[in-house]
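Please read these points with the model open beside you. They go through a few local features one at a time.

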Amino acid sequence: MQQQLLSLRRRQLCLAAAACVGPHAFAQPAASGYETVPRSADGIGKAFMGREIAGVMGWQGAAWLEREERERQERSDLLLRELRLAPGMQVADVGAGTGYHARRIARLVAPGGTVQAVDVQPQMLEQLQARARREGVDNIVPVLASERDARLAPASLDLALLVDVYHELEYPVEVMAGVVRALRPGGRVVLVEYRAEDPAVPIKSLHKMSEAQIRREMAVHPLVHERTANVLPWQHIVVFVRRD
Ligand SMILES: C[S@@+](CC[C@H](N)C(=O)[O-])C[C@H]1O[C@@H](n2cnc3c(N)ncnc32)[C@H](O)[C@@H]1O
């Protein structure tokens with residue numbers, strides 16, 4: 001009886017936190033839904049829904065984001081097509097890094113549209129601004145975020161894009177709650193992550209995510225899965241719409 005009550009209590013805690021799926025389920029469910037797990041080489045020793053969160057990619061590695069072969073490896077032209085951008089749109093590139101996507105999106109939403117380029121590392125935002133200046137792109141607004149908050153105004157965005165970022169958010173629930181609040185009715189969140197289902201994708205495992213895991217984690221937010229586009233060589237494009 002005691003055992004049953006304990007198990008029921010644990011289940012209630014987990015449901016409240018919506019965080020009890022995956023191999024670490026019930027290991028150490030905290031009220032937040034995060035668990036402490038043994039730290040792996042690329043991780044931070046903290047898990048959400050059975051997934052260890054990856055360490056943040058440091059600004060010292062920024063050149064990798066702008067590598068010449070990236071276009072061939074990741075085909076951002078196909079990604080941009082899937083985003084269905086139009087002049088005038090308000091977009092946030094969350095975890096923008098050097099602005100590889102923000103700079104391309106900014107050109108496609110002009111005139112009238114703006115890209116808020118959000119990052120926690122000021123060095124990334126400095127590099128992004130320098131590149132945008134050199135390329136004559138003037139509709140990007142840099143936003144220095146905190147680990148828990150992307151600092152976006154409520155109901156201000158048509159689209160929030162996270163490319164290769166979600167898996168390294170230290171506080172994924174808090175950050176995404178703010179991102180979803182920042183969407184206008186009908187606004188979309190697009191997560192682009194390296195496909196964990198595909199062993200041929202040459203990226204470390206903590207820096208990949210399966211589509212199922214992405215959808216499980218997004219289910220704690222007021223979002224509806226719209227579609228998944230598997231048109232890129234290495235990544236999924238998973239599109240969600242704000243549920244009103
Ligand atoms: C692997 S890089 C990807 C950069 C860019 N999206 C791209 O594809 O070129 C991940 C970026 O996310 C940023 N980041 C990590 N945690 C963040 C958070 N909580 N809020 C905003 N940015 C974050 C990192 O500083 C880093 O610039």
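**Notes on the predicted model**

1. Start with arginine 75, which counts as partly exposed because it has 16 C-beta neighbours inside 10 Å. The cut-off for a buried residue is 20 or more. This is a predicted model, and the points below should be read as describing that model. Arginine 75 lies in the loop between α3 (70-74) and α4 (76-82). Its phi is near 50°, a positive value in a residue other than glycine.

2. Methionine 49 also has a phi near 50°, again positive and again in a residue other than glycine. Methionine 49 sits in the loop between β2 (43-48) and β3 (51-54). Is methionine 49 buried or partly exposed? Methionine 49 counts as buried, because 23 C-beta neighbours fall inside 10 Å.

3. A word on why such values are worth a look: most residues other than glycine have a negative phi, and most peptide bonds are trans. The next point concerns a peptide bond.

4. The bond between alanine 110 and proline 111 is cis, with omega at about 0°. Proline 111 belongs to the loop between α5 (100-109) and β5 (114-119).

5. Which other strand is joined to β4? Strand β7 (residues 157-163) is, through 3 bridges, and β4 and β7 run parallel. Here valine 91 stands opposite leucine 159 in β7.

6. How many residues of β4 (residues 90-94) are buried? The count is 5 of the 5, so β4 is largely enclosed by the rest of the structure. Gln90, Ala92 and Val94 point one way from the strand, while Val91 and Asp93 point the other way. Both sets are buried.

7. Helix α8 (residues 211-218) has Gln213, Ile214, Glu217 and Met218 as its buried residues. These residues lie on the same side of α8, because they cover an arc of only 130° around the axis. The spacing can be understood from helix geometry: an α-helix has 3.6 residues a turn, so residues three or four places apart point the same way.

Methods:
Residues numbered from 1 in each chain as written. Predicted model: local features only at pLDDT ≥ 70, side-chain atom pairs only at ≥ 80, totals over all residues. Buried ≥ 20, exposed ≤ 12 C-beta atoms within 10 Å, placed from the backbone. Helix = DSSP H or I, 4+ residues; strand = E, 2+ residues; numbered from the N terminus. Arc of directions from axis to C-beta. Pairing = 2+ DSSP bridges.
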